[in-house]
Amino acid sequence: MSKGRVHIAGAGIVGLAIAANLVQRGYQVTVLDREGPAAGASQGNAAAIAWTDVAPLASPGLWKQAIKWLADPLGPLTVRPAYALRILPWMLRFLAASNPKKVAESTKALAALNGAALPAWERLWRISGTHNQVRRDGCLELLDTAASLADARAGWAEQRAYGITVDELDAGAIRALEPDLSDRAIGGALVPDWAQVEDPKILCLSLADWLKGQGVEFSVGEIERLQPKDAGCGLVLKSGERIEAECLVIACGAWSKALAAQLGDRIPLDTERGYNITVPEPGISVKRFIMLPGHGFVLSPLSTGLRVGGAVEFGGLDLPENWKRVDAMVAKARLFYPGLKTEGGKRWMGFRPSIPDSLPVISPATRHDRIFYAFGHAHHGLTESAVTGEMIADMIDGKAPAVDPSPFAAGRF
């Protein structure tokens, strides 16, 4: 017997994970998206299940590095001049979240959420039959200056404090693992328990196909207006169609802010625009996920090619892409992998929905107990999607989630 129908706004990986958990618990589910499954950031991310990350982006020391990065318009962090005034309130909140007390609170919450992420994914991979799309080769962090190596050691110590294995390696050990590397890296670390998926878009589409087989309905349409009611919410689409939802989950990533505002929740969400290029024949062998924290990008070997991407650009949803950022990442990648070829590569830009304290919103709306939020995961959307799905399903069921939801409440702002 059905427990009722839940409408999910958003067919990215977070929305799909929520649908998977709800359908397994006996709910009827409809997933509504402006384009369809995996049309946004879920198709072009770096494919990492980065559950070993415990540090928020906001930290006291980051500002020193950020000022240096901002001086380079093609560096790891940049603000488009046309967007500078609009991003200022977000930046001020980010600065406030960088004080030691706030960082300690965010770290504790992020460690709890990400600590539950991989077990949640194990359950989702198993029930959906997508377990064969996972790689477990670890993550190799590379540093090319003595200062960046010293800074990294503090982060590795914090990870170890949470029970995460981090093996520091010298330059020789690194090149033994990655023979095509240049001698640029002077040190680094292997995080062996890291996981990644073969290709994030393929995973999303596989999950969508499985969900359809479970009776989940998918619909294409963009929500223009919400009409909350005592029991549920009316949806008015841009096409003019009206939908009555008994229960609604807003999981639209970067497009969630405007919908939450209609419900009276002013969430400080903005977008970190990320760029990448995926090369089917890169001419080099990259055996595992490579992170270059000093340069703000990664190399991720996928079943569809080598993905080189990352960095952060604040420019909102409407400004045109700046493909010179891809060229800059490729130039830096060649310092580490001189043989890298990019012929036939496909460039991409996507919007990471980001909140200043690095914690997503996973909670009921503050004024409506049958409307729920699941957005703002920034760099950890893929990582945290499965555990977010379990938490939202618990909330809809009226149960207490296994992960304390209070740090992720919409009312914290």
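In this predicted model, the lining of the second largest pocket comprises ten nonpolar, two polar and seven charged residues. The second largest pocket itself has a volume of about 470 Å³; of the 19 residues that line it, Glu-105, Ser-106, Asp-357, Leu-359 and Arg-412 are the closest to its centre. Two elements, helix H4 (84–96) and helix H5 (100–115), each give two or more residues to this lining, and the largest share, six residues, is supplied by H5.

On the side of H5 the contact involves Leu-113, Asn-114 and Gly-115, which meet Ala-117, Leu-118 and Pro-119 of H6. Sorted by class, the residues of this contact are four nonpolar and two polar, with no charged residue among them.

Helix H1 (residues 13–24) takes part in two further helix pairs, with helix H9 (residues 200–213) and with helix H12 (residues 381–397). In the pair with H9, the axes come within 10 Å and cross at roughly 30 degrees, an angle at which H1 and H9 are therefore roughly parallel to each other. The crossing of H1 and H9 is left-handed. From H1, the residues Ile-13, Leu-16, Ala-19, Ala-20, Val-23 and Gln-24 meet Cys-204, Leu-207, Ala-208, Trp-210 and Leu-211 of H9. This contact between H1 and H9 is made up of ten nonpolar residues and one polar residue, while no charged residue belongs to it.

In the pair with H12, the axes of H1 and H12 are 8 Å apart and the packing angle is about 40 degrees, which makes H1 oblique to H12. The crossing of H1 and H12 is right-handed. Here H1 contributes Ile-13, Val-14, Ala-17, Ile-18, Asn-21 and Leu-22, whereas H12 contributes Gly-381, Leu-382, Ser-385, Ala-386, Thr-388, Gly-389, Glu-390, Ile-392, Ala-393 and Ile-396. Divided by class, the contact of H1 with H12 holds ten nonpolar residues, five polar residues and one charged residue. Ile-13 of H1 is listed in the contact with H9 and also in the contact with H12.

The structure holds one cavity of 30 Å³ or more, and about 50 Å³ of space lies in the largest cavity. Its lining consists of Leu-74, Gly-75, Pro-76, His-295, Phe-297, Ala-311, Arg-325, Ala-328, Met-329 and Lys-332. The largest share of this lining, four residues, comes from helix H11 (residues 324–336). In terms of class, six of the residues that line the largest cavity are nonpolar, two are polar and two are charged.

Note on methods:
Residues numbered from 1 in each chain as written. Predicted model: local features only at pLDDT ≥ 70, side-chain atom pairs only at ≥ 80, totals over all residues. Heavy atoms only, no water. Axes fitted to C-alpha atoms, helices over the stretch in contact; angles between N-to-C directions. Parallel < 35°, antiparallel > 145°, perpendicular 65-115°, else oblique. Left-handed = near helix turned anticlockwise from the far one by under 90°. Contact = heavy atoms within 4.5 Å. Nonpolar A, V, L, I, M, F, W, Y, C, P; charged D, E, K, R; others polar. 1 Å grid on protein atoms, 1.4 Å probe; cavity = no way out; pocket = protein on both sides within 12 Å on 5 of 7 lines; lining within 4 Å. Points joined across faces, edges and corners; volume = space filled by probe spheres on them.
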